[in-house]
Amino acid sequence: MAFDIDLIQKVYDQLPGKVEAARKLLGRPLTQAEKILYSHSYDAPTSAYSRGKDYVNFSPDRVAMQDATAQMALLQFSTCGRDKVAVPSTVHCDHLIQAKTGAAQDLATALDVNKEVYDFLASISNKYGIGFWAAGAGIIHQVVLENYAFPGGMMIGTDSHTPNAGGLGMAAIGVGGADAVDVMAGLPWELKMPKIIGVKLTGKLNGWASAKDVILKVAGILTVKGGTGAIVEYFGEGADSLSCTGKGTICNMGAEIGATCSVFPYDSKMADYLKGTNRADIAQLADSVKEHLRADQEVYDNPDTFYDQLIEINLTDLEPHVNGPFTPDLATPISKMAEAVKEHGWPDDVEVALIGSCTNSSYEDISRSAFIAKDAMAKGLKSKSEFTITPGSEMVRYTIERDGMLKTFAQMGGVVLANACGPCIGQWARHVNDPAKKNTIVTSFNRNFAKRNDGLSSTHAFVASPEIVTAFAIAGKLSFNPLTDKLVNEKGEEVMLDEPEGYEMPPKGFDVKDPGYIAPAVDGSKVQVIVNPESDRLQLLEPFAPWNGMDMKGLKLLIKAFGKCTTDHISMAGPWLKYRGHLDNISNNMLIGAINAFNMEVNKVKNQFTGAYDEVPKVQRDYKKHGVGSIVVGDENYGEGSSREHAAMEPRHLGVNVILVKSFARIHETNLKKQGMLAITFADKADYDKIQEDDNIDINGLTTFAPGVPLTVVLNHANGISEEIIVNHTFNDQQIEWFKAGGALNVIRRDVAAAV
């Protein structure tokens, strides 16, 4: 029996009529993404939405939050005046468990160290009718796929890899906590109508190639920003041949190309997965409307006509890929890897190989890796690299233990970590003797920015499938190609690894003793949520001040960030995760990873009052103390990566007024707007070079702030010369209201109070 079956029944009951109405409105056949989007419009659409231009109000079916982002999201929700969430919502405790020694000890330590936060999340979930998944239950995206995702649905989640649920045909979109508050409060959720990129898959995977290699290939084609503002819609015989969890892997890592989300059409593989995870009732409902859970046939017959961009990949010819280092879109086929290692001087020794995570921890992934491990040991081989395994959920962990796979990994020399994010997000006690030494790690995770996994800029992190990562662990070399290369075993014999084999679903079915779910109280009105005012982990929020009604004058330049500046650079994870519920404390990590364009150093910027160089947060706190506003200037795709809204809330809290960049990543731009920040872009990207270190900057045109109307920025240089540049913005009327009110949450409070 599925969660929220009544809600799903209602969605499917209304789907045929809504799809037919949208088809008549557009006067043409519909893509799968369009069917989901139009059927989830908050108000019945009266005209066709223009892709990439029109802002649309949507009504998602549910909300999911992980523990690190849920803290701030629920602190915000608790101030909006609602007694209970308006849509089914869940909290998943997966980010705060540090991988150090092994699953049992690491979980016990996390329960002790994070007790205050877990108690807060459990109690506030109980109060507001939110389902709670305790620490150890699993990683949010795997748990959602196993329990909540359903074909044709729409959900938002406070994590950038929420699109994982697209593996079950769901439009699942990563957002910031303020967006989640909108939906939990029963308000419309706003999104610019996405463009749609079609990816036609033909043929069928074979040998060492896996679903992971599809998205590694796509990332190489589209780059880290090629999917920005678009939904990636997969289709074709190749798409139908992939397992449901394989589809989830592809959708999960679509976040690395900036895609709004990715979706696969409903098929028999999805039905099998639903049945195998005790949701045969949903499969039966989906089967009854299956023609509405795929694009119209005319779309598949003439894809060039209906997609904004079309990519074709033949799975039969697809080669395993290895992406990295330092960016997830640097894609190298395995046959070219040895050459690339030599050409670029990448460290060849693989110090650590890590499989699992939200991206690749399915039963299929683990079974194929276990096959390789077992085959290697039978041929006299063991792991030459440190090797870790991170199950995605307690259900997967329990089942693979029952089926002997954990024992196989242990015999090979592997260490099983807790069912949590762990090393994927920097929650990992890396065993390293010389932190400055260039080194290589290989993971089956999704993201590999510098310092992300272990905090070391010297670490070269590469991303591959679990099968390839396991082979790298056995060989100990990044240049190893398991398709062609031989290894020497303990007897001195040359041997080759067999091609991996595995099971899409457990032959004996899934099993679990305690999945880790706690249902909320039916009536939470008497539940008390207590936050200790002396806590350094949790802090109640104060509303941000509204705009003062004037243009901004004399803003100090805080930092001109050079090159890639992700949300990891703006608000690091790792040890800082413990402060995710305390805005003032976590603001001490603001922009400490960004490179200052004037000295090419991190966390070292000039204080214009003293002339001295200091840490970014300290300089900004000094500006705030003096009552002076400031501006941050950035490069392309500013704020790519994780959805963490702390990267927007910290500058707002410390008194930064404006973020001016060449271009924004979608989620981060929205997060800035939600917090009442002015997010603007250079009309001429070359104007980035005009920004000088001692500039005092004015923003003119705010008194007549309007959609589509550029603003003027005046750069007052230290030499007495001033320059004017034009900047653009994407604010609509509603977002301008957020800016004027001091943030979207202030508007929600006002509207809720007016309705009482």
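Q: Over the face of which ring does lysine 662 lie?
A: The model is predicted, local features need pLDDT of at least 70, and side-chain atom pairs count only at pLDDT 80 or more. A charge sits over a ring if NZ of Lys or CZ of Arg is within 6 Å of the ring centre and within 35 degrees of the ring normal. Side-chain values use heavy atoms, without hydrogens and water. At 4.6 Å from the ring centre, lysine 662 lies over the face of tyrosine 688.

Q: Are tryptophan 547 and phenylalanine 739 buried or exposed?
A: Buried means under 20% relative accessible area, exposed over 50%, and partly exposed in between (1.4 Å probe, protein chains only). Both tryptophan 547 and phenylalanine 739 are buried.

Q: Which residues have the most contacts inside the largest nonpolar core?
A: A nonpolar core is a set of buried Ala, Val, Leu, Ile, Met, Phe, Trp, Tyr and Cys residues joined through side-chain atoms within 4.5 Å. The largest one has 135 residues, and the most contacts inside it belong to Tyr12, Leu74, Leu201 and Tyr234.

Q: How many residues does the second, separate core have?
A: Among its members are Val322, Val341, Tyr363 and Phe510. This second core has 43 residues.

Methods
Residues are numbered from 1 along each chain as its sequence is written.
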